[in-house]
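This report describes helix packing and selected side-chain contacts in the structure shown below.

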Amino acid sequence: IKDIVGSRYSNIYDKLFYEVLAQILIEGTASYVAGKRDSGVIIDGIKEGRDLLNQVYYSLYEDVNIRTVRVCESEGFSINGPFVAIGYSITQKLVKKYGPEIIYSVLADNYLDFYLKYLDIEDTFHGKKLKIFDPETKNKIRELSLK
């Protein structure tokens, strides 16, 4: 992952955040392609993953604590961990809207398109429907896509 994103951003915190996002995409998409998972595990994982991702964002851009980021990565990317659940869920929603060819498209092109397309879907959620990304994280993803 570090080789994929190594030179994309000059800001170390943007680079680290992008690395986390890229790994969520890769591992979640791989999990989706490998076969269906228990939806209860996914929902619980998404909630925990959302909290971990928010902690990664806060640790990079507010608290500047790389050690906390590494702890969140370790927990989030454990086998069938919460970051994998996030990637799986996003992939599932994108395939539902765009068809299975979206997987190749996002893997072959800009990884942030995976998130931008999903954010367009999530922006339509109303009521108590579970949102993965907080406004600050959404803004950072959109900002990174412009660099």
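## Salt bridges and model basis

The structure holds seven salt bridges (a side-chain nitrogen of Lys or Arg within 4 Å of a carboxyl oxygen of Asp or Glu). One of them joins the side chains of Lys140 and Asp14, at 3.4 Å from N to O. This pair links distant parts of the chain, with Lys140 in helix H8 (residues 135–145) and Asp14 in helix H2, 126 residues apart. Helices are DSSP runs (H or I, at least four residues), numbered from the N terminus.

The model is predicted: local features need pLDDT of at least 70, side-chain atom pairs count only at pLDDT 80 or more, and totals for chains, interfaces and linings use all residues. Residues are numbered from 1 along each chain as its sequence is written, and side-chain values use heavy atoms, with hydrogens and water left out.

## Helix H2 and its ends

The 23 residues of H2 should span 33 Å at 1.5 Å a residue, and the end C-alpha atoms of H2 are 33 Å apart, which agrees; the expected span is 1.5 Å times one less than the number of residues.

At the start of H2, a side-chain oxygen of Asn11 comes to within 2.7 Å of the backbone nitrogen of Tyr13. Just after H2, Gly35 adopts a positive phi of about 140°.

## Packing of H2 against H7

The axes of H2 (residues 12–34) and H7 (residues 111–122) come within 9 Å and cross at roughly 80°. Axes are lines fitted to C-alpha atoms over the stretch in contact, and angles run from 0 to 180 degrees between N-to-C directions. H2 and H7 are therefore roughly perpendicular to each other (65 to 115 degrees; under 35 counts as roughly parallel, over 145 as roughly antiparallel and the rest as oblique).

Contact (heavy atoms within 4.5 Å) involves Tyr18, Leu21, Ala22, Ile24, Leu25, Ile26 and Thr29 of H2, with Tyr111, Leu112, Phe114 and Tyr115 of H7. These residues comprise 10 nonpolar, one polar and no charged. Here Ala, Val, Leu, Ile, Met, Phe, Trp, Tyr, Cys and Pro count as nonpolar, Asp, Glu, Lys and Arg as charged, and the others, Gly among them, as polar.

Ile102, Val106 and Leu107 of H6 meet Tyr111, Asp113, Phe114 and Lys117 of H7, giving five nonpolar, no polar and two charged residues.

Helix H5 (residues 82–98) and H7 pack at about 70°, with their axes 10 Å apart, which makes H5 roughly perpendicular to H7. The contact of H5 with H7 divides into seven nonpolar, two polar and three charged residues.

Key:
Helix = DSSP H or I, 4+ residues; strand = E, 2+ residues; numbered from the N terminus. Polar contact = N/O pair within 3.5 Å; in protein donor to acceptor, adjacent residues only side chain to side chain.
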